[in-house]
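Subject: Structure handover

Hi there,

Here is the structure I promised to pass on. Please open it alongside this email, and I will walk you through what turned up.

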Amino acid sequence: MAASLAYALIATDLDGTLLRGDDTPSERSLAALARVAAAGARHLVVTGRPAPRVRPLLDALGATGLAVCGQGAQLYDAGADRLLWSVTLDREQAETALGKIEAEVGQVYAAVDQDGVDGLTLIEPGYLMPHPTLPAVRVDRRDDLWSAPISKVLLRHPVLSDDELAAVARGVVGSLATVTMSGPGTVELQPCGITKATGLAMAAEHLGLGREHALAFGDMPNDIPMFQWAAHGVAMANAHPELKAVADEITLSNEDDGIAVVLDRLFPER
């Protein structure tokens, strides 16, 4: 492999990593990713957002290849606008997990991401979207959340912090679901065993690449499995302490072109 392709697979989270607070990548980041593509490496978005919420961003990036969505529950082909693979969270398991969590901490507020390229984000009364730019449909009661197959459940608590809620959830749900924390106000339940790492590994296999070729960027604890899988994990300066603790490198923040700083070093202009 050529020296410039020490990493042939560049995996980037979106929120808090590639995207700035205004939900856009910087021009410098776009230029760096263009050099990555020109060198023959592959850029892969690996995000907690479901495929329908990623599609407009992929269009803006000019991405027509694969994307790992829904915390690894979906492998999306942007060019064909179809899911190559997806897994759903069983309704009964989701409801049981919610019951166990509420038995410990009292009422939580829930939302779900439906499966499929046209799936909706549904939110029950009391749930506040942590990311106001993402569209959501409010339903009248919790039972309405299960009207179609879902890829994950999103949770918020009126008092507990994200770290506190995630810790309680991990302690009680067992094998019912995988618990992740992907951003402010975003504690999630997804199918057991599904993580960004499982999704990234599947995408890499489709591309004929191994973990030794992968460079990963992220900012939250849900990126830890991806860092553990990839050859090199780079945390943003704004990253959660848990991710920084396992990172191989820490770059500048998402607002300060942290991804571009690393890619400029690895894929310099010629």
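This is a predicted model: local features need pLDDT of at least 70, side-chain atom pairs count only at pLDDT 80 or more; totals for chains, interfaces and linings use all residues.

Two strands count as paired here if DSSP finds at least two bridges between them.

β1 and strand β2 (residues 42-46) pair in the parallel sense over four bridges. Within that pairing, Ile10 has His43 of β2 as its bridge partner. On strand β12 (residues 214-218), β1 has another parallel pairing, also over four bridges. There, Thr12 stands opposite Phe217 in β12. The path from β1 through α1 to β2 forms a right-handed β-α-β unit.

The side chains of β1 are worth a look too. In a regular strand, side chains alternate between the two faces of the sheet. Leu9 and Ala11 point one way from β1, while Ile10 and Thr12 point the other way, and all of them are buried.

Asp23, in the loop between β1 (9-12) and α1 (27-38), has a positive phi of about 75° although it is not a glycine. Is Asp23 buried or exposed? Its relative accessible area is 15%, so Asp23 is buried, the cut-off being under 20%.

Asp81 is another non-glycine residue with a positive phi, about 50° in this case. Asp81 is found in the loop between β4 (74-77) and β5 (82-86). With a relative accessible area of 34%, Asp81 is partly exposed.

Technical notes:
Residues are numbered from 1 along each chain as its sequence is written. Side-chain values use heavy atoms; hydrogens and water are left out. Helices (H or I, at least four residues) and strands (E, at least two) are DSSP runs, numbered from the N terminus. Buried means under 20% relative accessible area, exposed over 50%, partly exposed in between (1.4 Å probe, protein chains only). A crossover is right-handed if, with the strands pointing away from the viewer, the path from the first strand over the helix to the second runs clockwise.
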